[in-house]
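Hi,

Here is the structure I said I'd pass on. Have a look at it first, then read my notes below.

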Amino acid sequence: MTDAATSHAELVSGLIGDRADAWDVAGELPRDLLVKLGAAGVLCAQVGPEHGGTGLDSLANGELTARVGALCSSLRSVMTSQGMAAWTVRRLGGTEQWDAFLPRLTSGDLAAVGFSEPGAGSDLSAMETEITDDGTQVVVTGRKVWITAAHYADLLVVFGKYRGGATAVVVPARAPGVRITRVANPLGCRAAGHADITLDAVRVPADHVLGGTGLPLPFATTAALTYGRMSVAWGCVGILRACLEAAAAHTATREQSGRVLADHQLVARHLTELYVAERHATRACEHASDSWDTGSPDMAVDAVHAKYVASREAAEGAARAVQLLASAAASDGHVVARAYRDAKLMEVIEGTSEICQLILGRHTRKLAQHTRRKVQA
């Protein structure tokens, strides 16, 4: 890690301590914690110093994200949301919008990004939210569901149809016509503030529309989703590291038939597979971050690959950890029980595993076609 990333990791570790399980059971993160981390630049650490951020590269931010993910996936989810909002502003907005919104995201304001709708989850082309011009304002009407961190948000970055294309608009969370309803009893990341958002003819200034024009839907949404997939993938690395640490500690001290569990061959196999899963996920994430930092044209597909690999390994690895710890990890309030629920959710958000497979399959076909053309030439 860089010095800045190490400093952030130490801050996060000190503030979280052993409180993550209690937050998970309560379903709530302390707002003062989120504001403090936001003001320290931790929640969107890739924002540059010119806008109050730390300016970490993707690799350093990824390791920081993994550290947060190992401690508290709910907090990591808020971190993902904040980073997605900042990256969307940076990618789709203009310089005046960077100056208007990015300093707010590095000084304590919290943000959520609205993609999913009741009829448009994985298929974002079915999105129905409308952003329409009305003089110096735009009117936003629609409904978003299962939006991470919306319960805590000061700003909502809402995607919708606009001028024959799509775009995102920055909506104050307490603007007239905005209603935010908490999702009750989510399976995982219980304290991440998942909520549904209703936007009933919400009026905001026209300069809150990022870029000020309609964009092709894939371009508009991929900008934010690529960041989100990277963040989720690195968070899954953190889940795997937490599970590996807990499983290794338990099996090194618990005895069965006169030997510590780790000395039993079947237990050793589970530990080995858990270790390999963490290494596999880490390498996929490192490759994707390298693509991001070097501006590779494969950045988006490498992020999908990392998210697919890391979430799959985290779900399987957490299940192995439950198997190894047995009843010790079978109740709320244990890091492995929390990891088991959180990891499964990671196979769903920011593109389900099946959507990732479709994207990677299309990419593979393109590679095969390119290879055939080269051979024929």
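This is a predicted model: local features need pLDDT of at least 70, side-chain atom pairs count only at pLDDT 80 or more; totals for chains, interfaces and linings use all residues.

Residues are numbered from 1 along each chain as its sequence is written, and side-chain values use heavy atoms, with hydrogens and water left out.

A pocket here is an open set of points on a 1 Å grid over the protein atoms alone, where a 1.4 Å probe fits, with protein on both sides within 12 Å along at least five of seven lines; lining residues have an atom within 4 Å of a point.

The largest pocket comes in at about 1,200 Å³ (the space filled by probe spheres set on the points, which are joined across faces, edges and corners). It has 40 lining residues, and Leu124, Leu225, Arg229, Gly351 and Ile355 sit nearest its centre. Helix 7 (217–253) is among the elements giving two or more residues, and its seven are the most from any element (helices are DSSP runs of H or I, at least four residues, numbered from the N terminus).

Now for the second largest pocket, at about 290 Å³. Its lining counts 18 residues, with Arg67, Ala70, Leu71, Ala242 and Glu245 nearest the centre. Which helix gives the most to this lining? That's helix 4, with five residues. Helix 7 turns up here too, supplying at least two.

Cheers
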